[in-house]
Amino acid sequence: MGYKTANQSIEETLSCLHVDSKTGLSAKEVAKRLSRYGPNSLKEEKKNSWLKFLSYFWGPIPWMIEAAAILSAIALHWADLVIILVMLFFNATIGFWQEYKASNALDALKKQLALRARVLRGSSWADIEAVELVPGDIIRLRMGDIIPADAQLLEGDYFSVDQSALTGESMPVDKIEGETIYSGSIAKQGEMLAVVTTIGSATFFGRTARLVEGAGAESHFQKAVLQIGNYLIYLSLALVIILILVQLARGTPLLELIQFALILTVASIPVAMPAVLSVTMTVGAQALSKMGAIVSRLESIEEMAGIDILCSDKTGTLTQNRLTLGDPVPFDDVTADELTLAGALASKKENKDAIDLAVMGGLKDANLLKDYTLTHFTPFDPIHKRTEAEMIDSRGNSFRVSKGAPQVMLELVAPDIGFDAMSEMREKVDAEVELFAARGYRTLGVARTDTNGRGQFLGILPLFDPPRVDSTETIARAEEHGIAVKMVTGDNVAIGREIASQLGMGKNIRLANELFANEANIINPSVELGERIEREDGFAQVFPEHKYGIIKALQARDHLVAMTGDGVNDAPALKQADVGIAVSGATDAARAAADLILTAPGLSVIISAVEEARHIFERMNSYAIYRITETVRIMVFMVLAMIIYGYYPITAVMIILLALLNDIPIMTIAKDNTWLDPNPVRWNMHRVLTMATVLGMVGVAETFLLLVIANTWFGIDLPHLQTVIFLKLSIAGHLTLFVARTRHSMFSKPRPSTLLFSAIICTQLLAALIAGMGWLMTPIPWLYVGMIWAYCLVWGLIEDRIKLTVYKHQNQG
């Protein structure tokens, strides 16, 4: 999938690859090589679908179902056997299908996160997906890029790459022309051209297909729900043991008792829980992708529900990131047009840098640039903090032009100005910078050398990045959701305060280096620092390590923090944050480190993501309460009824039918309409268990009351009584879902989704038909069916009032 270039010169490599570094490959040649070498991607091992499906028949829960089936066959209970096998295949099919859909959804998200590459083809630069690269492609690499393929560096001043993921080297490695760089390493500094030598699985180490992490890791919510599952299993086993001991003492046949106990346990265990989790997460990820937010870690959707602080970049997130050039301030005898022209010469349009484009856009006549020839260009980097171009004018005179922070430009020309003149100029520059900063302007200094190499400070170019139109409204929405938005900017305090004022944010903007004067506070923030950071509205002149320290300090104060970032140096902060967010236009390295990748600018997408996460939380909360309630209702009632009356209140077949009828509609809860909590939400196991236990015991009482009424007052015989109890448990179970799905009255908005409501109605009609027609049980009169419905509806209203009382008590507590 490429050529070996070890110990080869640049000329030898270009010759072997049959490519001209000035024009790149032709479209025809690209097609030929793509056909020969294939795509620039790693081959992924695909699991056999049949083996994956069969895996759902292996494990503790399937074993219990299979054991019950074997016992049914031994006892010649063929109806039981058929229903048990239906349940077994139903659970396996549902689990397999939902995982299959989740896998497809993640694959679709991965495609949206594909690496991009700037490539020279047919003498024109283009932006393509890295998977389309072929050996011989000429690519441009810049700071923050993830190297898309193994390549040999062709031209540029210097290049520094982070190879830690490949070699374990903790420090960036400097590279020069002719050296090889490897796929998956990260460009830390500089800009260079390179020629692709190796692609795909033949690279030293490819990571193109690994940007999106799998969904296998457990989140806080998943762990909580699995804890509930364990609780239900232990409760079920304890009650089953009591049941077995009592029935053995009464002389019940052991085989029949074990079969019934197995079926009862399986029906009480939340078999559908993994599928419900998978569906809910996947539906959430798909909904977010449509909003312009791509999830790289599924469990982060749930963590968003609890964030109470959002640390947001200013540029491009709170502002438009569309810099415009203000009125230039020339110094000495320089004109405004000359100052703008010099700034434009120190820019490079191909880089598509926002500052460069703004400066070049300020030229009255872009044709003036044609009078100059660029011989060398040095892009901006964090060390030199300036761009610089070596030029030749139309008369053949050589000179250099530079632009960067005014203070940096002054230091650059200081040796050629003299101390006194320098002091006077510095005061003048500082005064102008302060005036512009008070109005929210950024400033650039411009300098050039004359033909003798003497430096001259030409003046100041003001740039303004106006706030986004939706930022004020979005910040207000965030506050309504209980989220404090703190501005994090690399600009100075004055600019931060001006933008904060325009957006209605607090003006308490603090210099980051004042907070982190002691570097130890970055790794281990003190309690006092955490309290100070809590009180601040924002932070100015922030470096990447400061972002990390801010997050650590807030997390130490028990906050869940979301942090936005866009650069390669933001990666540690994005990883440390509870929810790391790569903003629109972020570098590949930032996207790889983030949990949420925005494809649309602004904060509104983040707030929408938080809303979606809270909806998901409510669905999970509803499911947990419902599932615990049903287990308590069925298990406690069954054991009590058998201890008191000495007979099975429902048959084994009825138990299996109840499990099937309950699991079918619960699968649609992932798309239910839910109440949006105005505050950050976290899992409260005590609240969930209390509510579920209360509703469960109410369910036991209402079912036992119906048993007493039917048995004592109506004198219904056992076969008909079992059908009555079956229908009651089926109806009441789904009414409980209506009760549990909201913290308000079950008749309040939002109403159940059409999908959930339809699924429940259909399963209840089926349950009524089974009871009324006598399918797999003794039929009961349709009058009884109607009476049971009325009985359950009355108790549903009672359950709803009890639920509201419990929530009121919990809120007061």
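# Briefing: charges, patches and backbone in a predicted model

Glu434 (E434) sits in helix α15, which covers residues 419-438. Helices here are DSSP runs of H or I with at least four residues, strands are runs of E with at least two, and both are numbered from the N terminus. This is a predicted model, in which local features need pLDDT of at least 70, side-chain atom pairs count only at pLDDT 80 or more, and totals for chains, interfaces and linings use all residues. Residues are numbered from 1 along each chain as its sequence is written, and side-chain values use heavy atoms, with hydrogens and water left out.

**The protein as a whole**

- The protein contains 29 helices and 23 strands.
- Of its 813 residues, 54% count as buried; buried means under 20% relative accessible area, exposed means over 50%, and partly exposed lies in between (1.4 Å probe, protein chains only).
- Accessible areas come from the Shrake-Rupley method with a 1.4 Å probe, and for residues only the protein chains shown count as cover.
- Among contacts with a separation of 6 or more, 73% come from residues 24 or more positions apart, where contact means heavy atoms within 4.5 Å.

**Surface patches**

- A patch of negative charge on the surface brings together D420, E424, E427, D430 and E434. Of these residues, E434 is exposed, with a relative accessible area of 52%.
- Patches are made of residues with over 30% relative accessible area and no salt bridge; like charges are joined within 9 Å, and nonpolar side chains (Val, Leu, Ile, Met, Phe, Trp, Tyr) within 5 Å.
- For charges, Lys and Arg count as positive and Asp and Glu as negative, while His and the chain ends are not counted. The place of a charge is taken as NZ of Lys, CZ of Arg, CG of Asp or CD of Glu.
- L766, L769, M773, W775, L776 and W782 make up a nonpolar patch on the surface, and together they have about 600 Å² of accessible area.
- Helix α28 gives the largest share of the nonpolar patch, three residues. L769 is found in helix α28, and L769 is partly exposed at a relative accessible area of 36%.

**Salt bridges**

- The structure holds 30 salt bridges, each defined as a side-chain nitrogen of Lys or Arg within 4 Å of a carboxyl oxygen of Asp or Glu.
- One of them joins the side chains of E29 and R33, at 2.7 Å from N to O. Both residues lie in helix α2, four residues apart, about one turn of the helix. E29 is partly exposed at 22% relative accessible area, whereas R33 is buried at 5%.
- D313 pairs with K547 in a salt bridge whose closest N and O atoms are 3.0 Å apart. This pair links distant parts of the chain, with D313 in strand β10 (residues 309-313) and K547 in helix α21, 234 residues apart. Both D313 and K547 are buried.
- E618 and R743 form another salt bridge, with the closest N and O atoms 2.9 Å apart. Here too the pair links distant parts of the chain: E618 is in helix α24 (residues 604-645) and R743 in the loop between α27 and α28, 125 residues apart. Both residues are buried.
- A network of salt bridges links E630, R633, E702, K728 and E799.

**Backbone points to look at**

- Most residues other than glycine have a negative phi, and most peptide bonds are trans.
- H18 has a positive phi, near 55 degrees, and is a residue other than glycine. H18 lies in the loop between α1 (10-17) and α2 (27-37), and H18 is exposed at 62% relative accessible area.
- D558 also has a positive phi, near 70 degrees. Its place is the loop between α21 (544-556) and β21 (561-565), and D558 counts as exposed at 55% relative accessibility.
- The peptide bond from K749 to P750 is cis, with omega near 0 degrees. P750 is found in the loop between α27 (718-740) and α28 (754-773).

**Around W125**

- W125 belongs to strand β2 (residues 124-129) and counts as partly exposed at 33% relative accessibility.
- Leaving aside residues up to four places away in sequence, W125 touches R118, V119, L120, I138, I139, R140 and L193.
- W125 and R140 are 15 residues apart in sequence, and their C-alpha atoms are 9.1 Å apart in space.
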